[in-house]
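Here is a short briefing for a reader new to this structure. Take a look at the model first, then read on.

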Amino acid sequence: MNVGDRVRLLTGREEGIVTRLLSDELVEVAIDNDFTIPVLRREVVVVAAEETKAFGQSAAAVASEKKAAATGAAHAARAAKASGKLAPTPAPVKTEGPTPVKADKTVAPPVQKGLYLALTHQSPELLALHLVNHTDRDVLYTFGEERQGKYRGLKGEKLAAKTVSAPLGHWHLKDFDQWPAAVVQLLPFQLNGAEAYELLTKRLQFKAASFYTSRQPNVPVLQREAYLFQLDEKPAAPAVIAPEKLAETLKAQLSGNAPAKPAAVAPAPEPAKALVAPPHEVDLHLETLMPEGAEGLSNTAILKLQLEAFEDTLSRALATNMHEIVFIHGSGNGTLRKELHKLLSRNRDIKFFEDSRKEKFGYGATLVRLK
């Protein structure tokens, strides 16, 4: 049993994805309605690929894929705000639930031939990385990760034409702002071919502003929806070395007179912007968030504005290692308080939360204790 395996609980009909191996006897499973639970290994069974081929996707799996796109939009907003950049509003998608959203009817342009890195949903929270060779040539490749300027090679092999690699890794959407840079090296090759190609090196540092706009509904070769990133600049024709230039280069290298070629150095990652800790008490009233006034805003728009301010402040509080923070939401009809408590109850970085200083705020403020 490995991370990324689809499993079924023996004590019920639920299915999910293994997201972590907690111990020799315990695994963490992300159920398809987007919450994780620890489960004993003996209480789950891996769903075989033959079962999916014979009977099709389960209802839970289909619902999971439909929900994945909607889940991604929320992560995009959080990741962009944590980095200080506002992500563009993604195209609306169709979701299940009491508040359906109209599906985007825009037809995506066809994917050109080329080499791509594709990220596919294993569950609403878990993504698998694949290399897609949508060309007529074989490719030798290496894949690695770069964190804080330090590179770590993870995989390297040959990928045949019109094929997709096995998963190169699994990344969690909840850790989007902590993803490493993906570094891929590619060397196209064609048996008995008349052309030699240069080594391609691509470094991808994902940003929320562009990540969620890269979604393709049906990626060639992969034959499913994925977030798609092109690795070769010229999809139909990688850089070709002229035969006469290749002969000269080989002759110079054999004679020992070839000039030293500087090693390819990946560009340094952008320095992270310093985060400023929020104040201990944060007022979420509309007049505080928008002192200039908010005429014409609907109740739904106001609630969305307040929740975005809450999530941004909570992210900065966690990033700057604050121990506690108070959110002043007011009493009113209790809608904002209910939404805040719902989000807090799902956050693993929260130790506990409770009504704060009832003598001062009544039920109009919530104290959040952070881990």
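Trp-179 is buried, with a relative accessible area of 8%. That is under the 20% cut-off for buried residues. The model is predicted.

**Around Trp-179**
- A search of the whole structure turns up eleven aromatic pairs.
- In one of them, the ring centres of Trp-179 and Phe-206 are 5.8 Å apart and the planes meet at 85°, so the pair is edge-to-face.
- Trp-179 sits in the loop between β11 (169-172) and β12 (181-189), while Phe-206 sits in the loop between β14 (200-204) and α3 (208-211), so the pair ties together parts 27 residues apart in sequence.

**Around Phe-206**
- Phe-206 is buried too, with a relative accessible area of 9%.
- Phe-206 also forms an edge-to-face pair with Phe-229, at 4.9 Å centre to centre and 70° between the planes.
- This pair links distant parts of the chain: Phe-229 lies in strand β16 (residues 224-230), 23 residues from Phe-206.
- Both Phe-206 and Phe-229 are buried.

**The aromatic cluster**
- One aromatic cluster takes in Trp-171, Phe-176, Trp-179, Phe-206, Phe-211, Tyr-227 and Phe-229.

**The whole chain**
- The chain has eight helices and 21 strands.
- It has 371 residues, and 36% of them count as buried.
- Among contacts between residues at least 6 apart in sequence, 60% join residues at least 24 apart.
- The chain exposes about 22,000 Å², and carbon and sulfur atoms supply 54% of that area.

Key:
Residues are numbered from 1 along each chain as its sequence is written. This is a predicted model: local features need pLDDT of at least 70, side-chain atom pairs count only at pLDDT 80 or more; totals for chains, interfaces and linings use all residues. Side-chain values use heavy atoms; hydrogens and water are left out. Helices (H or I, at least four residues) and strands (E, at least two) are DSSP runs, numbered from the N terminus. Buried means under 20% relative accessible area, exposed over 50%, partly exposed in between (1.4 Å probe, protein chains only). Contact means heavy atoms within 4.5 Å. Accessible areas come from the Shrake-Rupley method with a 1.4 Å probe; for residues, only the protein chains shown count as cover. Rings of Phe, Tyr and Trp (its six-membered ring) pair if their centres lie within 6.5 Å; planes under 30 degrees apart count as stacked, over 60 as edge-to-face and the rest as tilted.
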